[in-house]
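Good morning, colleagues. Please turn to the structure on the screen.

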Amino acid sequence: MMFEPTRRAGLQRLARFAPHAGKTYTSERNFDRNRRAAAVSFLSPYIRHRLVSEREILSEILAHHTLKTAMPFVQEVFWRGYFKGWLEQRPSVWSAYQAERDASLLDPLPNYQTAVSGQTGIACFDHWCQQLRQTGYLHNHARMWFASIWIFTLRLPWPLGADFFLRHLQDADPASNTLSWRWVAGLHTPGKHYLATAENIAKFTDGRFQPTGQLNENAAPLIEEKTHPIVPITPRSPDLPTRALWLMTEEDCQPPPDGAKPAGVLGIVSPDATGFAINAVRHAASTANGQTDVGHNWSTAICRAAAKAGTSDVICAHLPVGPAAAGFAKTYQNLAAKNIRIHVFVRAYDRHVWPHTTKGFFKLKKQIPALLRDLDL
Ligand SMILES: Cc1cc2nc3c(=O)[nH]c(=O)nc-3n(C[C@H](O)[C@H](O)[C@H](O)COP(=O)(O)OP(=O)(O)OC[C@H]3O[C@@H](n4cnc5c(N)ncnc54)[C@H](O)[C@@H]3O)c2cc1C
């Protein structure tokens with residue numbers, strides 16, 4: 001297994017990576033090399049499920065480097081928060097993606113099967129396809145090249161590519177994945193797309209791949225008719241009850257904020273979750289002496305766990321846009337009818353970052369030093 005789904009493994013990985021997050025990361029991060037020679041952190045599955053939080057990662061990195069030296073890495077961590085906050089304020093992007101994906105799956109193009117089985121004849125693409133299936137991970141540059149070849153050379157619908165990634169990535173994330181695919185297509189920043197070139201691939205794979213003459217290097221960006229209105233968010237955190245069932249989810253395996261003392265623990269995971277997500281929640285919940293329920297009929301499991309813990313209060317970190325939030329919306333109503341009170345809190349990191357994610361990343365980037373100060377980092 002490439003990623004052990006435990007907090008301990010995430011913290012060990014962070015400790016090993018932190019000394020290299022400055023100059024080495026800055027100069028080498030764009031090279032897609034084998035794992036031993038790679039300069040990137042491989043922390044994404046741990047951050048995605050908050051086995052290790054953004055705050056913990058930034059704190060460790062800034063203990064080893066000045067902000068100036070570590071800025072390229074720090075910015076990447078903030079890209080994640082940017083995408084999460086952006087999608088939170090434009091939930092119709094997620095529902096439109098799901099609708100387009102379902103429509104495209106009804107009548108997939110003939111080269112769809114060739115692409116997802118890694119038999120296109122474009123050696124680099126076929127290699128990344130197998131790598132993704134076998135390891136659940138691709139380097140960021142490989143994800144960009146893969147998505148670009150999928151959209152502009154193979155002319156396949158981007159939602160099918162995003163769906164393929166979501167089903168195989170161990171860090172599969174509704175926001176980072178959907179918005180990155182849209183960014184490559186030219187839909188996130190309208191008119192600006194990402195075109196993979198043979199020269200760039202040869203350079204950043206150390207010449208392992210040279211797809212000269214195989215790629216469409218002159219395609220125009222995709223265009224979207226739909227508009228996605230902003231839905232304002234007010235990320236607040238209520239006072240939490242002192243005795244409550246603590247609900248752990250695939251979105252957040254961290255303990256509740258200080259002061260909230262769980263009377264019991266239950267992990268819940270949506271049926272769409274990857275193996276890493278399921279095992280991460282299972283392990284985190286059992287470490288805190290709790291059980292885990294996989295599925296979308298969470299009401300019964302929550303009522304039972306709350307009764308066992310002797311409480312009618314449940315505390316849970318906010319579920320951002322995605323399958324878990326959709327499943328939980330239904331559960332929420334069922335629980336209200338059974339007099340179970342759910343107290344949802346938003347982590348301080350999200351409360352600080354999300355208000356700056358209404359436009360492009362640059363707006364958030366300018367705030368990074370102030371945000372780090374506000375977060376005591
Ligand atoms: C088409 C496409 C799909 C993607 N799908 C996902 C996804 O489902 N889940 C996911 O976590 N990331 C996704 N990314 C972003 C990025 O590729 C991965 O986060 C990164 O490759 C993870 O490897 P790492 O932890 O070694 O990265 P590092 O370079 O070590 O970065 C550290 C952390 O910063 C964050 N990060 C880095 N780059 C990005 C980025 N471009 N956007 C958002 N966050 C970033 C991640 O949390 C990452 O763990 C996608 C990118 C593309 C182009």
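A residue is called buried when its relative accessible area is under 20%, and exposed when that area is over 50%. The model before you is predicted, and every value I quote is computed from it.

By that cut-off, Phe165 counts as buried, because its relative accessibility is 2%. Phe146 is likewise buried, at 0% relative accessibility.

Let me place these residues among the aromatic pairs, of which the count comes to 30. In the pair formed by Phe146 and Phe165, the ring centres are 5.2 Å apart and the planes meet at 40°, so the pair is classed as tilted. Phe146 belongs to helix 9, residues 140-153, while Phe165 belongs to helix 10, residues 158-168; the pair therefore ties together parts that are 19 residues apart in sequence.

Which cluster do these rings belong to? Ring pairs link Phe146 and Phe165 with Tyr112, Phe125, Trp150, Phe164 and Trp181.

I turn next to charges over rings. Arg33 lies over the face of Phe31, at 4.3 Å from the ring centre. Arg143 is placed over the face of Tyr137, at 5.4 Å from the centre of that ring.

Finally, I would draw your attention to a loop. Is Asp272 buried or exposed? With a relative accessible area of 58%, Asp272 is exposed. The loop that holds Asp272 runs between strand 2, residues 261-269, and helix 13, residues 275-287. Asp272 and Thr311 are 39 residues apart along the chain, and their C-alpha atoms are separated by 29 Å.

Thank you for your attention.

Notes: Residues are numbered from 1 along each chain as its sequence is written. This is a predicted model: local features need pLDDT of at least 70, side-chain atom pairs count only at pLDDT 80 or more; totals for chains, interfaces and linings use all residues. Side-chain values use heavy atoms; hydrogens and water are left out. Rings of Phe, Tyr and Trp (its six-membered ring) pair if their centres lie within 6.5 Å; planes under 30 degrees apart count as stacked, over 60 as edge-to-face and the rest as tilted. Helices (H or I, at least four residues) and strands (E, at least two) are DSSP runs, numbered from the N terminus. Buried means under 20% relative accessible area, exposed over 50%, partly exposed in between (1.4 Å probe, protein chains only). A charge sits over a ring if NZ of Lys or CZ of Arg is within 6 Å of the ring centre and within 35 degrees of the ring normal.
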